[in-house]
Each structure stands twice: as C-alpha cells, then as structure tokens.
Amino acid sequence: MTGTNPDGISSPALDLQRLPKHIAVIMDGNGRWAAARGLPRILGHRAGAEAVRRTAEACRELGISALTLYAFSWENWSRPSEEIGQLMDLLEEFLDREVETLRKNQIRLRAIGRLHELPPTVLAHLHDIMARTSQGDRMTMTLALSYGGRQEILDATRRIAQLVREGRVQPEAIDEALFSRHLYLPELPDPDLLIRTSGEQRISNFLLWQISYAELYVTPKFWPDFTKDDLYETIRAYQQRDRRFGRTTPADPAVASSGSTENGACG
Ligand code: IPE
Ligand code: IPE
Ligand code: MG
C-alpha cells in the first residue's frame with residue numbers, strides 16, 4: 001500500500017510500508033557551507049544543528065524507528081582545539097534546547113562512541129538528557145560522539161578477549177551474534193540506509209560493522225542545506241533498490257530485515 005504524503009511531500013508518494021527502519025547519516029559539509037558564505041566554520045555547525053532538528057522531525061513524522069547521526073568522529077579530535085571547543089559548546093546548547101521537544105515527541109536520545117573522552121560537562125549533559133528521554137518509544141535518535149568504527153570494533157574485541165580470559169566465552173562460540181552483542185548499542189538494528197552529504201564518497205570510519213548491507217546514498221548538498229524533501233528523496237531512492245543480501249533475487253523485505261538484524265538483539 002502506498003501511504004499518503006506527510007506534510008506536502010511531492011510525488012511520487014513514499015511507500016509507508018517499506019520505510020527503512022534505521023537511517024544513519026554522515027552529516028558532512030558544515031565548514032564548506034560556511035566558507036561559501038564567508039562565515040566562520042562554527043556558523044556552519046550551527047546551521048547544521050538546524051538540519052538535525054529538521055531531519056529528526058521528518059523521521060519521527062514518517063515513523064522511522066531509528067536515526068543515527070555522526071556528530072563527532074574519533075578523528076575529529078585532531079581538529080584545532082578552538083573548533084573542538086566550539087563544537088562541544090554547541091552540543092551542550094543543542095541538548096539543552098531540544099530536550100523538551102524530544103520528550104514531547106517520545107524520542108529517546110542515545111549516544112555511541114568513546115563517550116568517556118568527552119569533556120565532563122558535556123558528558124554530564126548527555127547522561128542527563130539520555131535519562132530524561134529514556135521513556136521515549138517512538139524513535140531512537142543516536143548521536144555518534146568521539147565515535148570511530150574501528151575503535152568500536154576494538155572495544156568489542158577487548159571485552160570479548162576479557163571474557164575468554166575469564167573462561168566465560170569459548171573462542172569457538174565467537175560468531176556474528178556474539179560479536180554484535182558487544183558493540184556500543186547492540187539493540188539497534190543495522191542501518192538500512194546510510195546517507196552522506198557534501199558529495200564525499202567515503203565512510204570516514206562510521207559504523208563499519210553495522211553497514212555491511214546498508215544502502216548508500218550520497219548527496220552533493222552540504223549538511224546545513226539538507227531539507228525534509230531531501231530526506232524523502234533518499235527514501236524514495238532506497239525504495240527503488242533491490243536488496244539482495246547476496247542472493248540472486250531481491251529478498252523478501254521481511255526476510256531481509258530479519259537477516260540484517262541477525263544479531264538477535266534488536267527487540
Ligand atoms: C561536518 O562538517 C561536521 C563535523 C565533522 C563535526 P565538517 O566540519 O566536516 O565540514 P567540512 O567537511 O569541512 O565542510
Ligand atoms: C565525518 O566527516 C565525520 C562527521 C560527519 C562527524 P569528516 O569531515 O570528519 O570526514 P573526512 O575527514 O572528510 O573523511
Ligand atoms: Mg567534513
């Protein structure tokens with residue numbers, strides 16, 4: 001069945017029965033957006049925060065159950081300290097400003113990454129807002145902060161190695177399901193759709209384990225210019241893809257989605 005268009009989406013309508021369950025976004029291009037306007041980079045990040053709000057709202061309206069946003073990579077610690085400080089201040093401000101909207105819309109905020117590396121005040125804000133939104137059951141919005149896909153895989157490996165050393169896991173028992181259970185948020189299903197803005201055709205260390213069968217969509221638009229219509233366009237494109245998961249024919253969406261969340265931890 002093809003559903004009705006949420007607020008003024010232009011044709012063709014999205015198939016509301018075949019929405020991605022989990023959308024992940026590499027929000028790139030804030031600095032170039034600002035530079036193109038002769039503005040300091042931080043104003044690009046501020047405009048990017050507005051795009052976060054629009055995108056979250058659009059996903060929530062559609063009924064997408066998980067949205068994961070790459071907000072600060074592990075490698076971004078190598079940026080000038082002034083920019084890092086501004087980004088951390090902006091994050092705190094964003095969390096404070098959005099918490100009531102998140103609660104009202106029953107959106108649960110979560111975070112992945114080496115969170116202990118964040119400044120203590122940011123971490124305290126983050127914990128506070130995660131607690132205050134923990135009842136949200138309509139959508140999970142996950143911020144990737146101090147996040148690297150390789151670091152996540154290493155952190156999981158260390159935990160599993162510890163369990164092996166303690167005799168609680170046999171090496172032969174390490175399979176995809178067990179490994180997935182040691183990632184930062186094992187209950188999230190794997191992303192179905194991965195969007196990158198700003199035209200760069202790379203993954204930049206995002207969700208390396210989880211995106212093995214995600215559909216990729218790269219748009220040349222800079223993140224601050226990304227609109228609700230752009231999001232709908234990515235979903236329309238997603239709905240035209242044949243997701244085969246290695247088979248010769250497109251997989252039944254129900255089978256495919258259970259296959260893509262084989263870690264058994266998405267309930
Ligand atoms: C993405 O925008 C935001 C972060 C990485 C924090 P950039 O800051 O990477 O902007 P560009 O890619 O330099 O334009
Ligand atoms: C990826 O963007 C990280 C985030 C969007 C947070 P970068 O701007 O850091 O990535 P590269 O350096 O272009 O690969
Ligand atoms: Mg960038």
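Guide: Start at Asn-205, which counts as buried because its relative accessible area is 12% (buried means under 20%, exposed over 50%, partly exposed in between, with a 1.4 Å probe and protein chains only).

Visitor: Before we go on, what are the ground rules?
Guide: This is a predicted model: local features need pLDDT of at least 70, side-chain atom pairs need pLDDT 80 or more, and totals for chains, interfaces and linings use all residues. Residues are numbered from 1 along each chain as written, chains are lettered from A and ligands numbered from 1 in written order, and side-chain values use heavy atoms, without hydrogens or water.

Visitor: Back to Asn-205. Where is it placed?
Guide: Asn-205 lies in the loop between S5 and S6. Helices (H or I, at least four residues) and strands (E, at least two) are DSSP runs, numbered from the N terminus.

Visitor: And its phi, positive or negative?
Guide: Positive, near 70°, and Asn-205 is not a glycine. Most residues other than glycine have a negative phi. Ser-204 also has a positive phi, about 50°.

Visitor: Where is Ser-204 found?
Guide: In the loop between strand S5 (193-196) and strand S6 (215-218). Ser-204 counts as partly exposed because its relative accessibility is 31%.

Visitor: What polar atom lies 2.6 Å from the Ser-204 side chain?
Guide: An oxygen atom of ligand 2. That is a polar contact, a pair of N or O atoms within 3.5 Å. Arg-79 has a polar side-chain atom 3.3 Å from a ligand 2 oxygen. For Asp-28, a side-chain N or O atom is 3.2 Å from an oxygen of ligand 2. Alone, ligand 2 exposes 390 Å², and the protein buries 78% of that (Shrake-Rupley areas, 1.4 Å probe).

Visitor: Which residues are around ligand 2?
Guide: Among them are Ile-26, Met-27, Tyr-70, Phe-72, Asn-76, Arg-196 and Arg-202. A residue is near a molecule if one of its heavy atoms lies within 4 Å of it. Strand S2 (residues 66-73) gives the most to this shell, with 4 residues. By class, the shell of ligand 2 has 5 nonpolar, 3 polar and 4 charged residues. Ala, Val, Leu, Ile, Met, Phe, Trp, Tyr, Cys and Pro count as nonpolar, Asp, Glu, Lys and Arg as charged, and the others, Gly among them, as polar.

Visitor: Switch to ligand 1. How many residues surround it?
Guide: 13, and the closest are Asp-28, Gly-31, Arg-32, Arg-41 and Arg-79. Their classes split into 3 nonpolar, 5 polar and 5 charged. Helix H1 (30-35), helix H2 (41-62) and helix H3 (81-104) each supply at least two. H1 has the largest share, 3 residues.

Technical notes: A polar contact is a pair of N or O atoms within 3.5 Å; within protein, one must be able to donate a hydrogen and the other to accept it, and residues adjacent in sequence count only if both atoms are side-chain atoms.
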